[in-house]
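Subject: Predicted model for you to look at

Hello,

Please find the structure below. My notes on what was found in it come after.

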Amino acid sequence: MNLQVENISIEIGKKQIVDDISLRVNSEQFVGILGPNGCGKSTLLKSIYKVLSPNKGYVKLGEMDVLKEKSKKIAKHIGVVGQFNEISFDFTVEQMVMMGRTPHKKLLDSEAKKDHEMVEQALKTVNLLAYKNRSFLTLSGGEKQRVILARVLAQEPKFLILDEPTNHLDVKYQIEIIKMVKQINIGTLAALHDLTLAGSYCDYLYLLKNGSVVTYGKPEEVLTKENIEFVFDVKCEIYQNPVTGHIGIAYL
Amino acid sequence: MDHHSSKGFVQSKTFLAMIYSGAIIILLLSIVMGVSLGQVDIPFSESFRILVHKMFGGGEIENGSSVNIIWSIRFPRVLMALLVGAALALCGAIMQATVQNPLADPYILGISSGATLGATFAVLIGFGAGTIFSQFGLAFGAFAGALLASVFVLTFSSIGGKMTSVKLVLMGMVINALFSAFSNFIIYIANNAEGIRTITFWSMGSLASARWSEIPLLTIIVLIGIIYFLIQSRNLNTMLLGDEAAVTLGINLSTYRRIYMTITAILTGITVASVGMVGFVGLIIPHLIRSIVGSDHRKLLPAAILFGSIFLIWADIFARIILPSVELPIGVVTAMIGAPMFMYMLIKKGYGFGGN
């Protein structure tokens, strides 16, 4: 499904965090949002997945008005992998992934054969089927995030939002998560902090500073040394990575 | 360590069935023990016969003092323990889920200090003779105080933005401090030794005053609470994941949190009004059961309710028999048994709040 975000403004307290941002994600497109800490990328995403309500603007997913629709209906369409966060109570990996079925279930429904199949399938996709009965809290950060991804997959989303899903993860897990998401191949909007990673995997990028979009376009159009210096305040040179052929950034 | 063999809480359906049926058998046995043991020991077989006769009419019994002790005094008391234990264990599990904090217990919303203030007010100042409230006295004061405190906590923690679990816990502590200060103030200026004794004993909890007349209403309320929360199990599970994750799964926590807390406050308030403060049940029983069956509320709640009942029935038995001719307050007993049990769980078992 395609996502259309129009003129979103968000104030928290008296502070303008997001200032009139519009963006689009076509179906099957992987779109990245880049920007320094505090630029409003997470806040923007939170308003799209209904944790915050924006002061202005609207969000449309296909024909659905995301901001007006009930969270339960949105949860059937949008899957969210959030920032890595700890929980205090433990579940098995299987129970954790099964929670992805929540939006499709009524309170008293029990898990049907289909739900178990979806959970198995999701665990297979993230290569964690063997961990089904493990306790979630004993997993490593990368494994936990893969379980969350499996939970989101079990949700059968038509659109994905990734809110800095690879924060605090080692490079191996960062690449693993992004690759898995790419394979799912549905419209995806991701806030990322690794520019090289974003340059290699995103189809389209939006660059944010102080709550506004500075520029947008294909990775090679956005990731220029002028833009990076303006937004992140670091000098760099851009080159073509001789091994991968993707954009390389040498910070100076 | 073999990472693929999971210890602790992954069980087959047969294991769960064993836990539940085991708990029900233990509960029934505990009821019979509970009516037999006390200052006057009555043989189990006789107690059993008297109970069966009174409930189902079968068999022959001689009318004597044992019938009176068992049917009029001990049986309502055991039923009270059963109901209060179930309610406290249930409320503890719900509170831990709603504030996403393993330290939560049923009294977290300022209920304990609210109830104490209400009770203190009723005993030392009174609602005024002749008013409708005066005849209910201490129990009514405790219930009203408990509700007032939780209303304060719920209202103040939702002013100026979203009600978060951290705000709730902090507001609970603040209200606790404030209400305790008021109770102490009343106690200090009242200078009424007899009244202060009443309050002190009440606050340590006792089932001694349990009467048949209270049982039916309490049964209905506790049953409604149990059924309601069993239905809500799926939402409660999602709550444990945190506010944001719950919203992305389509569950709007702030609404549910308010409803769950209100119901829990009412349930806890009623138990406080009936038996006073009984600490530790609502904290340790949910943790203990979580260490056996895991965090899934569909399994956790029924088991916690059963074991909460068993625990309180036994705590009450100990309160009656541990010292000859003196009855201990039940709150003292639950803390004395509960605290070491909890320590053992934390240290020896490496308990991880639902897993290992």
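**Pockets**

Helix 3 (93-98) of chain A and, from chain B, helix 1, helix 8, helix 9 (233-239) and helix 13 each supply at least two residues to the lining of the largest pocket. Helices (H or I, at least four residues) and strands (E, at least two) are DSSP runs, numbered from the N terminus. The search uses a 1 Å grid over the protein atoms alone: a pocket is an open set of points with protein on both sides within 12 Å along at least five of seven lines, a cavity is a set of points where a 1.4 Å probe fits but cannot get out, and lining residues have an atom within 4 Å of a point.

This is a predicted model, in which local features need pLDDT of at least 70 and side-chain atom pairs count only at pLDDT 80 or more, while totals for chains, interfaces and linings use all residues. Residues are numbered from 1 along each chain as its sequence is written, chains are lettered from A and ligands numbered from 1 in the order in which they are written, and side-chain values use heavy atoms, leaving out hydrogens and water.

The largest pocket holds about 800 Å³ of space (the space filled by probe spheres set on the points, which are joined across faces, edges and corners). Its lining has 31 residues, and A:Gln95, A:Glu111, B:Asp296, B:Arg298 and B:Lys299 are the closest to the centre. The lining splits into 12 nonpolar, 11 polar and 8 charged residues (Ala, Val, Leu, Ile, Met, Phe, Trp, Tyr, Cys and Pro count as nonpolar, Asp, Glu, Lys and Arg as charged, and the others, Gly among them, as polar).

The second largest pocket has about 520 Å³ of space. Of its 26 lining residues, A:Gln83, A:Asn85, B:Leu241, B:Glu244 and B:Ala245 lie nearest the centre. Two or more lining residues come from each of strand 6 (78-81) and helix 5 (141-154) of chain A and helix 10 (243-248) of chain B.

**The cavity**

How many cavities of 30 Å³ or more does the whole structure have? The search finds 1, and the largest cavity has a volume of about 50 Å³. Its lining consists of A:Tyr49, A:Lys50, A:Ser71, A:Ile74, A:Ala75, A:Ile78, A:Val80, B:Val247 and B:Thr248. Helix 2 (71-75) of chain A gives the largest share, 3 residues.

**Chain B**

Chain B has 14 helices and 0 strands. Of its 356 residues, 51% are buried (under 20% relative accessible area, with exposed over 50% and partly exposed in between; 1.4 Å probe, protein chains only).

Helix 1 (residues 13-36) of chain B has 24 residues and spans 35 Å from first C-alpha to last, close to the 34 Å expected (1.5 Å times one less than the number of residues). Its buried residues include B:Leu16, B:Ile19, B:Ala23 and B:Leu27. Helix 3 (65-98) and helix 13 (297-321) of chain B are among the elements that cover them.

B:Ser183 sits in helix 6 (residues 165-190) of chain B. Is B:Ser183 buried or exposed? B:Ser183 counts as buried because its relative accessible area is 3%. Beyond four places in sequence, B:Ser183 is in contact (heavy atoms within 4.5 Å) with B:Ser113, B:Thr116, B:Leu117 and B:Thr120.

**Confidence**

The mean pLDDT (the predictor's confidence in each residue, from 0 to 100) of chain B is 86, and 90% of the residues score at least 70. Over residues 1-10 of chain B, pLDDT stays under 50. Where pLDDT is low, the predicted coordinates should not be read in detail.

Regards
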